[in-house]
Amino acid sequence: ENKKFRMVNDCLIEIASKTLLLGFENPVIPDDGSVTVINEFAFRFLKGLKSVVIPDTVEVIGANAFDGCINLEWFVIGKGVKKIEHEILLEASKVSVFYMGSVEDWEKISIVGYPDITGMETNYGLLEAPRYYYSETAPTEEGNFWHYVDGIPTPWESEE
């Protein structure tokens, strides 16, 4: 009955702005268009979070969105994402990034970062994580590609 917020799949969503404000326990981001922005710190310190699928309907991932998610193993980024704010994977050191688009699509995303005092980009967690690009069929070109196997993102084995 609340007209400003709704709770779905362990996600608190501000209805008017289509912003996912917070994720709890076992969040599943709705893919029905009700979320276009993931708020900064939305999933912060969810130590039990092991995987996330960011649907194509999401356009912006806020700063520090997955900060402190130390057990995050993988997440899928939909090809609707246009902007990724800084430090989204701070302290998520063993994560793999599975992108639904191509290398060219990835390069069009505005990835915000700024140098810290050491000169290192502050989105290094995202930029240094293994990244794979979606390919429904076994790729014939070199690169990191992935597909789903039993609902799990799985890198294609390289042909050598």
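Biologist: Is isoleucine 61 buried or exposed?

Modeller: This is a predicted model, in which local features need pLDDT of at least 70 and side-chain atom pairs count only at pLDDT 80 or more, while totals for chains, interfaces and linings use all residues. Residues are numbered from 1 along each chain as its sequence is written, and side-chain values use heavy atoms, leaving out hydrogens and water. Buried means under 20% relative accessible area, exposed over 50% and partly exposed in between, with a 1.4 Å probe and protein chains only. The relative accessible area of isoleucine 61 is 0%, so this residue is buried.

Biologist: In which strand is the place of isoleucine 61?

Modeller: Helices (H or I, at least four residues) and strands (E, at least two) are DSSP runs numbered from the N terminus. Strands pair if DSSP finds at least two bridges between them; residues 60-61 pair in the parallel sense with β8 (residues 83-84) over 2 bridges. Valine 60 has lysine 83 as its bridge partner in β8. The place of isoleucine 61 is in strand β6.

Biologist: Which are the edge strands of the open sheet of 7 strands?

Modeller: The pairing in this sheet is mixed, and its order is β1-β2-β3-β4-β6-β8-β10. Each edge strand pairs on one side only, and these strands are β1 (5-8) and β10 (110-111).

Biologist: Which residues have the most contacts inside the largest nonpolar core?

Modeller: A nonpolar core is a set of buried Ala, Val, Leu, Ile, Met, Phe, Trp, Tyr and Cys residues joined through side-chain atoms within 4.5 Å. Contact means heavy atoms within 4.5 Å; leaving aside neighbours within four places in sequence, isoleucine 61 is in contact with residues including Ile54 and Phe66. With the same exclusion, isoleucine 54 touches, among others, Phe75 and Ile77. The largest core has 33 residues, and those with the most contacts inside it are Phe43, Ile54, Ile61, Phe66, Phe75 and Ile77.

Biologist: Which elements give two or more residues to this core?

Modeller: Nonpolar side chains tend to be buried together in soluble globular proteins. Here, the elements giving two or more residues to the core are β2 (11-14), β5 (51-54), β7 (74-77) and β9 (96-99).

Biologist: How many disulfides does a search of the whole structure find?

Modeller: A disulfide is a pair of cysteine sulfur atoms within 2.5 Å. Cysteine 11 is buried, with a relative accessible area of 0%, and cysteine 69 also counts as buried at 0%. The closest cysteine sulfur to that of cysteine 11 is in cysteine 69, 12 Å away and therefore too far for a bond. Over the whole structure, the number of disulfides found is 0.
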